[in-house]
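Good morning, and thank you for coming. Please look at the structure on the screen while I describe how its parts pack together.

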Amino acid sequence: MPRATSERFSRTRHPSIKLGSATGRSSKDRDNGESSSSGVRNPIFNTERFGQHILKNPQIAQTYASRLTYDRRKQKTSDLANLRPTDKVLEVGPGTGNLTVRILEKAKHVTAVEMDPRMAAEVTKRVQGKPEQRKLDIIIGDFVKAELPYFDVCISNTPYQISSPLVFRILSHRPLPRVAILMFQREFAQRLVARPGTELWSRLSANVQLYSKVDMIMNVGKNNFRPPPQVESSVVRIAPLDPPPPVKFEEFDGLGRIIFSRRNKTIHASFTAKGVMEMLEKNWRTWCSLQNKTVTEDASIKEIVARVLDSTGYSDQRAAKMTVDDLLKLLSAFHDEGIHFA
């Protein structure tokens with residue numbers, strides 16, 4: 001799994017960040033399909049510069065939190081986060097703490113990672129002088145770079161521009177958390193839970209479902225946020241597989257990059273794309289060298305790839321319809337021939 005760089009952030013006071021005149025989001029962010037505000041500025045904090053939209057509807061927050069409860073009387077867990085009194089929770093993007101205070105009622109400890117020092121101060125203010133104050137730690141800084149503590153459960157109203165890094169940071173964290181309840185832009189959430197043969201089945205879907213079980217939990221309308229984003233949101237439940245499958249992420253993702261680049265083309269056609277054979281041949285020759293295998297002058301990487309595709313029966317298949325198991329079988333067949341993707 002890809003690892004993010006780590007840096008421990010101070011929990012002391014930070015200087016205020018100046019308000020910007022724009023949303024602070026680049027055109028590249030917009031081109032990547034990330035959300036922006038609808039033009040209504042947050043009257044308290046300039047949250048747009050962090051791509052963050054604060055959950056303002058207390059009923060949604062209460063519903064979100066109530067679905068995290070561990071039913072002690074029935075001695076079984078609910079279908080969602082199964083939050084227990086012994087759990088340590090990581091919350092990403094607590095905002096002003098509407099959800100944080102409800103999690104604190106149910107969990108043993110909460111570590112909140114917040115980019116904006118002023119919002120971190122607001123969360124601290126809400127628990128100051130209360131028993132919950134001893135149960136809360138706040139890390140001020142970038143979640144992608146922060147050094148994360150041990151946690152059983154991750155809960156997040158996710159700043160949309162870190163959606164993908166957040167998912168893979170959680171799945172690569174060790175020890176693995178039990179579950180993550182995460183709010184995303186709806187289209188991103190739909191891609192996470194997409195199934196083979198559907199329009200949104202993609203490399204992202206396959207990568208996440210290789211390492212976890214993903215379910216859609218609830219939809220949240222844009223008017224429940226301040227400022228309201230331009231898109232709708234959804235909450236998903238990600239339960240990492242423990243132990244994870246013994247598959248090198250870079251290899252699985254490398255195969256996915258090739259075949260999902262043209263998901264409706266045949267697998268054979270995807271391997272004829274510019275630069276693919278050259279990359280595979282370089283990797284193959286490196287592998288042969290490391291294994292002390294002789295490469296003959298007439299060796300052809302194209303013939304080896306065609307042989308693998310024909311023998312597995314995937315040559316005329318399309319990535320749009322291939323399952324995770326199909327991808328694993330194809331990857332294994334390539335490895336048997338010494339062909340690697342990373």
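Predicted model: local features only at pLDDT ≥ 70, side-chain atom pairs only at ≥ 80, totals over all residues.

Let us begin with Phe 271. Leaving aside neighbours within four places in sequence, Phe 271 is in contact with Leu 255, Ile 258, Ile 259, Val 276, Met 277, Leu 280, Val 305, Leu 309, Phe 334 and Phe 341, where contact means heavy atoms within 4.5 Å. Residues are numbered from 1 along each chain as its sequence is written, and side-chain values use heavy atoms, with hydrogens and water left out.

Phe 271 belongs to the largest nonpolar core, which has 59 residues; Leu 182, Leu 192, Ile 259 and Phe 271 touch the most other members. A nonpolar core is a set of buried Ala, Val, Leu, Ile, Met, Phe, Trp, Tyr and Cys residues joined through side-chain atoms within 4.5 Å. Buried means under 20% relative accessible area, with a 1.4 Å probe and protein chains only. Helix H12, residues 324–336, supplies the largest share of this core, six residues. Helices are DSSP runs (H or I, at least four residues) and strands likewise (E, at least two), numbered from the N terminus.

Which residues of helix H8 are buried? They are Phe 249, Glu 251, Phe 252, Asp 253, Gly 254, Leu 255, Gly 256, Ile 258 and Ile 259. That is nine of the eleven residues of H8, which spans 249–259. They pack against helices H5, H7, H9, H10 and H12.

Next, consider H7, residues 203–211. The axes of H7 and H12 come within 10 Å and cross at roughly 90°; axes are lines fitted to C-alpha atoms, for helices over the stretch in contact, and angles run from 0 to 180 degrees between N-to-C directions. H7 is therefore roughly perpendicular to H12, a term covering 65 to 115 degrees. Ala 206, Gln 209 and Leu 210 of H7 meet Val 324, Leu 327 and Leu 328 of H12.

Finally, the sheet. Seven strands form an open, mixed sheet in the order S6-S5-S4-S7-S8-S11-S9; two strands pair if DSSP finds at least two bridges between them. S6 and S9 stand at the edges, each with a single partner strand, so one side of each lacks a neighbour in the sheet. S9 and S11 pair in the antiparallel sense over eight bridges. H7 packs on this sheet, touching S9 and S11.

Terms used:
Buried < 20%, exposed > 50% of the residue type's maximum accessible area, 1.4 Å probe, protein only. Parallel < 35°, antiparallel > 145°, perpendicular 65-115°, else oblique.
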